[in-house]
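Work through the following exercises with the sequence and the model at hand. Each task is followed by a solution in steps.

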Amino acid sequence: MTPSIELTWVINRLPSEPDRSSTLHEPSAALANPPTGLSGRTSMRPAAVVALIVVSHTMIDAYTAFLPPLLPRIMDNLGLSITLAATLSTVLSISTALPQPAFGYLADRFGRRAFLAAGPIVGGVFISLLGMAPSYLVLLLLLTVGGLGSAAFHPPGASLVARAGDGRGSGVRMSVFSFGGAIGFALGPISAVAIVGLLGLSALWIAMIPGVVLGIALWFGAKGRTRVGPGTPPPPPLEVLRKLRGPLGLVFGISVVGSFAQKAILTFIPIIAHRAGESETAGAVVLSIYLGAQGLGTLASGFLTDRLNRQHLLAAISVLAVPTHILAFTLAPASPAAIVMAVCAGFLNMALLPPIVVVAQEILPSGTAVSSGIVMGLAWAVGTLAIPVVGGFADAFGPVAATAWSMPLLLLGALFAMQPSLRPYCRAR
């Protein structure tokens with residue numbers, strides 16, 4: 001399916017008129033209590049709210065992709081080492097990811113509207129101000145607060161759009177949500193470099209405008225459509241922790257190593273290109289190609305998630321991702337061969353996400369936002385923790401060697417995927 005056909009397919013499956021039984025989120029039709037999702041009175045139909053969520057996802061992830069291509073410029077302006085620059089990327093990633101389970105739990109418990117609206121506003125305003133930061137500490141603060149906006153948005157957004165408990169089609173629905181983010185990641189580096197190249201780093205603030213507009217639109221458009229239904233409270237925190245000791249922890253581990261590989265690409269490819277004498281634009285183009293390929297990967301994987309055994313799918317993707325990521329780092333920066341490998345690596349990396357999120361939501365059906373936050377946010381944060389370590393090795397041995405040596409960690413994803421405890425959640429529907 002093409003993206004436009006696929007989005008139309010998803011929208012056509014939604015109810016044309018809102019009523020008390022309409023849903024974009026709940027665990028199973030077999031539950032005694034009726035599911036609730038995008039329900040209630042509002043001027044926007046469910047399909048329009050879904051489209052608004054996907055577009056907002058695009059914008060939020062574009063903001064979080066502003067930093068990597070600008071790292072060489074920021075390093076020069078503030079006199080930073082590779083380790084300190086990698087720490088900036090880590091701080092943004094952790095603030096974007098680590099609070100997601102908490103935000104997801106609160107969204108499951110109290111409703112999702114405020115979290116959806118805050119995402120593009122907070123993320124857009126604070127990340128767009130990074131060009132005005134007079135010091136390293138101020139830059140860290142801006143990235144931390146901006147990342148919290150993204151963290152607030154992702155769990156309720158994924159929960160409402162994917163609605164894994166509705167059965168067949170959840171992989172495709174999740175792929176549409178993921179595709180929006182992947183497009184944002186792809187457009188973010190080029191957009192940031194274009195604004196900075198034309199107007200200067202301090203003018204990056206103008207990028208906050210569309211985020212503020214989208215946040216306001218979500219606040220009014222999602223009114224009455226994101227209430228949590230009675231009788232379906234999220235699981236207690238202790239139950240969530242118990243699940244993490246079992247199958248949910250395995251899916252979490254797969255997401256951790258996939259996140260590490262992505263963050264390594266985003267952080268070190270611009271630095272490798274810069275040290276090889278390539279322009280800032282060349283580094284941004286490679287990142288955008290990698291991230292654009294992720295959009296294709298999530299669409300293809302969403303289709304396969306609904307049709308193939310998810311254990312086999314996750315294992316195969318994890319194994320194939322190892323050589324493609326290694327070659328993306330080791331081939332001549334921005335060369336045709338390196339770009340081809342960047343496409344393959346990006347495609348495979350984001351292909352992990354739809355099956356990961358769908359399996360996690362089926363493991364914890366009464367807490368789909370919190371389970372999404374765990375395998376997206378918490379896993380992304382944990383995966384990012386290793387980036388400064390790789391940065392230290394890069395200072396000592398060079399960024400190419402340090403990153404290439406670390407990529408076999410992706411094989412852990414295949415090992416986790418084939419564990420027997422995942423079998424009940426991995427059969428195609």
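**Exercise 1.** How many residues does the largest nonpolar core have, and which residues have the most contacts inside it?

*Solution.* The model is predicted, so local features need pLDDT of at least 70 and side-chain atom pairs count only at pLDDT 80 or more, while totals for chains, interfaces and linings use all residues. Residues are numbered from 1 along each chain as its sequence is written, and side-chain values use heavy atoms, with hydrogens and water left out.

Step 1. A nonpolar core is a set of buried Ala, Val, Leu, Ile, Met, Phe, Trp, Tyr and Cys residues joined through side-chain atoms within 4.5 Å. Buried means under 20% relative accessible area, exposed over 50% and partly exposed in between, with a 1.4 Å probe and protein chains only.

Step 2. The largest such core has 107 residues, and I53, L88 and F268 have the most contacts inside it. Helix α11 supplies the largest share of this core, 15 residues. Helices here are DSSP runs of H or I with at least four residues, strands are runs of E with at least two, and both are numbered from the N terminus.

Step 3. A second, separate core has five residues, among them F103, F115, A151 and A152.

Step 4. For the whole protein chain, buried residues make up 59% of the 429 residues. The chain has 19 helices and zero strands.

**Exercise 2.** Is V390 buried or exposed, and which residues does V390 touch?

*Solution.* Step 1. V390 is found in helix α17. Its relative accessibility is 7%, so V390 counts as buried.

Step 2. Contact means heavy atoms within 4.5 Å. Not counting residues up to four places away in sequence, V390 touches F260, F268, A402, T403 and S406.

Step 3. V390 and T403 are 13 residues apart in sequence, with a C-alpha to C-alpha distance of 6.7 Å.

Step 4. In helix α18 (residues 399-406), the buried residues are P399, A402, T403, A404 and S406. These pack against α11 (247-275), α13 (310-330) and α17 (387-397).

Step 5. Apart from neighbours within four places in sequence, F268 is in contact with I82, A86, F329, I387, V390, G391, A394 and T403.

**Exercise 3.** At what angle do the axes of α12 and α14 cross, and how close do they come?

*Solution.* Step 1. Axes are lines fitted to C-alpha atoms, for helices over the stretch in contact, and angles run from 0 to 180 degrees between N-to-C directions. The axes of α12 (residues 280-305) and α14 (residues 336-351) come within 6 Å and cross at roughly 40 degrees.

Step 2. The pair is therefore oblique; angles under 35 degrees count as roughly parallel, over 145 as roughly antiparallel, 65 to 115 as roughly perpendicular and the rest as oblique.

Step 3. The contact includes V286, I289 and Y290 of α12 and I339, A342 and V343 of α14. By class, it has 13 nonpolar, six polar and no charged residues. Ala, Val, Leu, Ile, Met, Phe, Trp, Tyr, Cys and Pro count as nonpolar, Asp, Glu, Lys and Arg as charged, and the others, Gly among them, as polar.

**Exercise 4.** Where is A334 found, and at what angle do α13 and α14 pack?

*Solution.* Step 1. A334 is found in the loop between α13 and α14. A334 has a positive phi of about 65 degrees although it is not a glycine.

Step 2. α13 and α14 pack at about 145 degrees, with their axes 8 Å apart.
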